Amino acid sequence: ATTGPRIPPTRLALHHFDVSYSLQLKDLWPSVRASLLCEQKYGALLNNFSPVDHVAQELELLDATDFVSEAPKKAQPLQQGAAAEEAVRGESRSQEGSGEGRTVMQAEMMTQTKMSPLLRTSISPNIKCYTFPRGDITRFRPARPDTLGLLDYYLLDAASLLPVLALNVQPGDFVLDLCAAPGGKTLALLQTGVCGHLAANDVSISRTKRLYHILHSYVPREIRETVSVTSCDGRDWGQLEGGTFHKVLVDVPCTTDRHSVMEEENNIFHKRRTKERQMLPMLQLQLLVAGILATEPGGAVVYSTCSLSPLQNEYVIE
């Protein structure tokens, strides 16, 4: 018997994305495709448990900026523009009233939308993540230990912080990171400095070991002792500790699109993992339901993936 040539899983992934995302994103797909195939750019999440003032100064001298603190400044003109458009539409609908009254109304609308309440409350002043400007492919130096042996920053995809910011952790909140390994988001949650208790769980024992390593490399013992690390099946969490958390992060396993088109190792588009990939939306739904059940009434759940697929995002939520 003869077998056909082996097709690398990265090529299978790219073909799959070309077929599905070109329909979904249309004219945007070529630029998104190019970005997926570019070398990954990292952000440097400063470690507040280590002296960071000199680190921030060092990064700023390299022209890196803290994108978290810059976000409100960049969002404000966009929100003001949207407010101005709404004011113009309101003015065109209005057939009565003086021009002065309409001008006052427009000014009031622009003032009220300088920064949306959601954006304002979601930006933790304690989280600082530095990135280089668009087009700048400078690499950050490796993290260095301080006098206590704690590393000064953690390199991660800056977009990984968005779910943590959206969770909007408040002082004293009991927080669950349901699919926590390898640990970047868990570390970011600790950087807020306000978690009353943090539970970090991942079903994979080997990945949980990586989480432990991150905690020991960045977090002092007295803080680590406030974190409970477990290796349970996240789908069962609602039965284990139902209705006990103020905030739950459900960052589910997914096709991890950039990894799938760039890395052969552990690629979910490998033919032996076809069934696993097809079952992802069901797994994601089960994890989301468990996260909801683990949340107390009035709490909040953030669901996130590293995929552009509607099947793994909107359809799971809906």
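Predicted model: local features only at pLDDT ≥ 70, side-chain atom pairs only at ≥ 80, totals over all residues.
1. The chain as a whole. The secondary structure consists of 15 helices and nine strands. Of the 318 residues in the chain, 40% are buried.

2. Contacts along the sequence. Take the contacts in the chain with a separation of 6 or more: 76% of them join residues 24 or more positions apart.

3. Helices H1 and H2. Helix H1 covers residues 9-25 and helix H2 covers residues 29-37; their axes come within 9 Å and cross at roughly 145°. The crossing of H1 past H2 is right-handed. On the H1 side the contact is made by Leu 14, Phe 17, Asp 18, Tyr 21, Ser 22 and Leu 25, and on the H2 side by Trp 29, Val 32, Arg 33 and Leu 37. Sorted by class, the contact of H1 with H2 has seven nonpolar residues, one polar and two charged.

4. A four-stranded sheet. Four strands form an open sheet in the order S2-S3-S1-S4, with antiparallel pairing. Strands S2 (65-66) and S4 (153-156) are at the edges and each has a single partner strand, so one side of each has no neighbour in the sheet. Strands of a sheet pair through backbone hydrogen bonds.

5. Strands S1 and S4. Strand S1 (residues 43-46) pairs with S4 over four bridges in the antiparallel sense. Ala 44 has Leu 155 in S4 as its bridge partner.

6. A helix on the sheet. Helix H3 (residues 53-61) lies across S1, S3 (129-131) and S4. Relative to S1, H3 runs at about 160°.

Conventions. Residues numbered from 1 in each chain as written. Heavy atoms only, no water. Axes fitted to C-alpha atoms, helices over the stretch in contact; angles between N-to-C directions. Helix = DSSP H or I, 4+ residues; strand = E, 2+ residues; numbered from the N terminus. Left-handed = near helix turned anticlockwise from the far one by under 90°. Contact = heavy atoms within 4.5 Å. Nonpolar A, V, L, I, M, F, W, Y, C, P; charged D, E, K, R; others polar. Buried < 20%, exposed > 50% of the residue type's maximum accessible area, 1.4 Å probe, protein only. Pairing = 2+ DSSP bridges.
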